Amino acid sequence: MRSNIRFVNAFMAFYIIHTSQIGMGILGVPRIMYLESKKDAWISILISGLFVSLITWLMISILKKNEGGTLFEIHEHIFGRFIGSIFNFLIVIYFIAVHYSITISYVELSLTWGYEGVYEWVGVLALLILTIYAVSGGFRVVTGVCFLSFLLTIWLLFVVYQPLQRINLTRILPIMTTTPSEIIKGVFKSSYTMLGFETLLFIFPFIKEKNQLHLFSQIAVWFTTILVLITTVVSILFFSGKELEKNVWPVVSMISTVHFPFIERFEFVAVPLWILVIFPNLCITLYISSKGIKQIFHIKQKYGIWLISIILFICSFLITKRVDNNYFFDQVGKTGFFLWFIYPIFLYGITIIKLKINTRSRRS
Amino acid sequence: MKKIVILLCSLLCTACMAPEKIIEMQGISTIIGFDFLDDNTFKGTISLLQFDRKEENTSVTLSAEGTTSKQIRQKLEEQTSHDITSGQLRTILFNKNMAATVGISSFLDTMQRDSSISSLIFLAITDNAEETINNTNYEEYPEMGSYIYQLLDKHEKKEMLVNSNLHDFITTLYEIGIDPTLPIINNANGVAPSIDGVALFKEDKIVGSISLINTLYIKLFTNNKAFLGDITVEIATEELEKRGMAELNLSKSDSYKITLHPIKYKGNIEIKNPEFVHLNATISVSTLEFQPSTSVKNKDSLKKMEQLIGEALNKEFRYILEELKNLNTDPIGIGRKIRSIRKYSHLTEGDLRQNYSALKIKPNIQVEIKRTGLVD
């Protein structure tokens, strides 16, 4: 049997996890957070970041206790082939939904900023073909995409310098005026942006230095938290409350005040460039879901990729309105929250019970 | 397989684009003005840049009536063979009467919604937008839009204009406890339009105006990196004598006029309680001009001079504050500052407005003469 597992270095996990966390979510997160927890949105993000960091630790423990393997294999191992497959199938559906939510929100964004009148399916098809091409290359190509995307887009952070000239510090004061329940609601809402760290559960077998993985994944999730924190704080300081509640993509609106002598409207550069930011997300979600199809039905991954792509393409005719999209993203975010913030805790418990039973039966 | 994918990608990347835009076909609008007619109908006037070299004129102005700004635009399209685009739109003018009676926030909705309009676009007020745009005196610029844009841009960067672009206006309009301001453009026959003061808003309606020079006091507290224009103060000679600075008094004029150039400044709104507010500011200046010429040599008289200038500024500021309170408009953002304190963060917009008219404000501007130029 020809093994298709090829290893990558542990530090690549940083790029994989970070780039799969950052995507479309960060463009809209200041508004979504502000709607829930007002001026104290940044506290919600910090709490959320802390939570993600804990879950990451938990995931690493689960993976180590199960002696490697992806989550799909762990499911089969713990619940047996049949029930495990049902679980895996649900996860595959979740990843397809995530993939579609990223694609359609990017297409929507690019249609708003300059390509009005183009059919949604054209944009979806273009993104899909690119993604299929990258994912067909295997895990190492996907890793390469993540790495390059990080290097090519991280400089966008410095663009915030110009809006920083127009901020007003009194807008965030006084801190801690919202109720704790509102802050917790904010944590809940931030899930769509923070999600992506679950990739960790699926890349474990490909990492060469497994003991270093925890360190790099922690760096990755904290780096994401800090980026989201910076964006949110700057947006709150930059916009007045009511204005922030109105803007669908506050970050893009903020970038639209950036101008250089040679580029007057910087947002028209930033929006097409954002394709590089979402490209790793698309690759990783397609990779994971096709891997799941392979695991469930025992067919070649190639067929899984095509099957999923066709499903996604058909979807692009159905969910295209702004209102529907919003509902869809909300549902994906909620599902993601329960699946990756809550479910690992149960999985950890089940793993420990399973291990206890195993050792006892072995002893007797 | 790979080849097919690459082929497909290249087809997608090259062919599926929005219809291309040819520059000769574009009517690039640089300025748009709105006038209020009656019964919810508005008149919109735009100035288009002309790219055809055979034409004598570099610009065309068009007017149309309609009920929404996009309907006006649609009607404007009927009058020209060019495709009107708003990517280079730099200024929006509003009729003064319209801004005072109807308010302008309903027009800003479309400006925010339209992604082709930059948020750094300038807003300004004028007596009659149509006449202003149709004015043919615009110095060496190709058309009125470019001229007004340069005028406003220069004034914002180099002189005494409070920031007045779309983003600033909307942000201050939506913010609780601060009111926006916009420049007023004066249009007279036979000369190019000029800036004539700053309009004060309450919500989105004009309630009054102050002179350009006096926006200095607003800038001190709202923007910490702005450029303050030069300040001229007048000090009565008797006042100088009273303070024991008679040794300076060489000539026999009634008053001294001093022009100062601010180097650095720092403004701070200090909230003692919701009824009592200190407005503290320090300005370091260099002296540009003494009328009649004097020299301030020793430290003691310099200090007295600084005090006198500070007093003169405070006195003027007090008048302006009184006027602002009468108009019940708060461009300085005192309400915003009050609300940022935990104890008072529950105050609503209505509370703040009520509070504002009864507010006791103590201006406290201090001047520090840092340099005196080549001579002392």
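**Two chains, two kinds of fold content**

Chain B has twelve helices and 13 strands, whereas chain A has 17 helices and zero strands. Here helices (H or I, at least four residues) and strands (E, at least two) are DSSP runs, numbered from the N terminus. This is a predicted model, in which local features need pLDDT of at least 70, side-chain atom pairs count only at pLDDT 80 or more, and totals for chains, interfaces and linings use all residues. Residues are numbered from 1 along each chain as its sequence is written, while chains are lettered from A and ligands numbered from 1 in the order in which they are written.

Begin with chain A. Its C-alpha trace spans about 70 × 45 × 35 Å along its principal axes. The radius of gyration of chain A is 21 Å, close to the 21 Å that the globule rule gives for 364 residues, so chain A is as compact as a globular protein of that length. The radius is taken over C-alpha atoms, and the globule rule is 2.2 Å times the number of residues to the power 0.38. Of the 364 residues in chain A, 46% are buried. A residue counts as buried if 20 or more other C-beta atoms lie within 10 Å of its own, as exposed if 12 or fewer do, and as partly exposed in between, with C-beta atoms placed from the backbone. Two residues are in contact if their C-beta atoms, placed from the backbone, lie within 7 Å. Among the contacts in chain A with a separation of 6 or more, 84% are between residues 24 or more positions apart.

Helix 6 of chain A (residues 120-136) can be followed from end to end. This helix has 17 residues and reaches 24 Å from its first C-alpha to its last, close to the 24 Å expected at 1.5 Å a residue. The expected span is 1.5 Å times one less than the number of residues. The buried residues in helix 6 of chain A include A:Val124, A:Leu128, A:Ile132 and A:Val135. An α-helix has 3.6 residues a turn, so residues three or four places apart point the same way. Just after helix 6 of chain A, A:Gly138 takes a positive phi of about 95°.

Which residues have the most contacts inside the largest nonpolar core? That core has 99 residues, and the ones in question are A:Ala13, A:Ile16, A:Ile17, A:Val142, A:Ile278, A:Cys283 and A:Tyr287. A nonpolar core is a set of buried Ala, Val, Leu, Ile, Met, Phe, Trp, Tyr and Cys residues joined through C-beta atoms within 7 Å. Helix 15 (residues 267-297) of chain A gives the most to this core, with 14 residues. Leaving out residues up to four places away in sequence, A:Tyr287 touches A:Val135, A:Phe139 and A:Val142. A second, separate core has 79 residues, including B:Leu123, B:Ile148, B:Val277 and B:Ile283.

Now turn to chain B. Along its principal axes, its C-alpha trace spans about 90 × 60 × 55 Å. Buried residues are 36% of the 376 residues in chain B, and residues 24 or more positions apart supply 68% of the contacts in chain B with a separation of 6 or more.

The domain assignment of chain B gives domain 1 (21-212) and domain 2 (222-371); such bounds come from an automatic or database domain assignment. The C-alpha centres of these two domains of chain B lie 33 Å apart. Their contact takes 18 residues from domain 1 of chain B and 18 residues from domain 2 of chain B. On the side of domain 1, the elements that give two or more residues are helix 6 (144-158), strand 8 (194-202) and strand 9 (205-210) of chain B.

Is B:Leu89 buried or exposed? B:Leu89 is buried, with 23 other C-beta atoms within 10 Å. B:Leu89 is found in the loop between strand 4 (83-85) and strand 5 (91-95) of chain B. The C-alpha atoms of B:Leu89 and B:Thr30 are separated by 4.2 Å, although these residues are 59 residues apart along the chain. B:Lys272, in strand 11 (residues 255-273) of chain B, is exposed, with 10 other C-beta atoms within 10 Å. The C-alpha atoms of B:Lys272 and B:Pro262, ten residues apart along the chain, are separated by 28 Å.

Finally, the chains meet: 22 residues of chain B are in contact with 28 residues of chain A. On the chain B side, helix 1 (2-15), helix 7 (166-174) and helix 11 (334-339) are the elements that give two or more residues.
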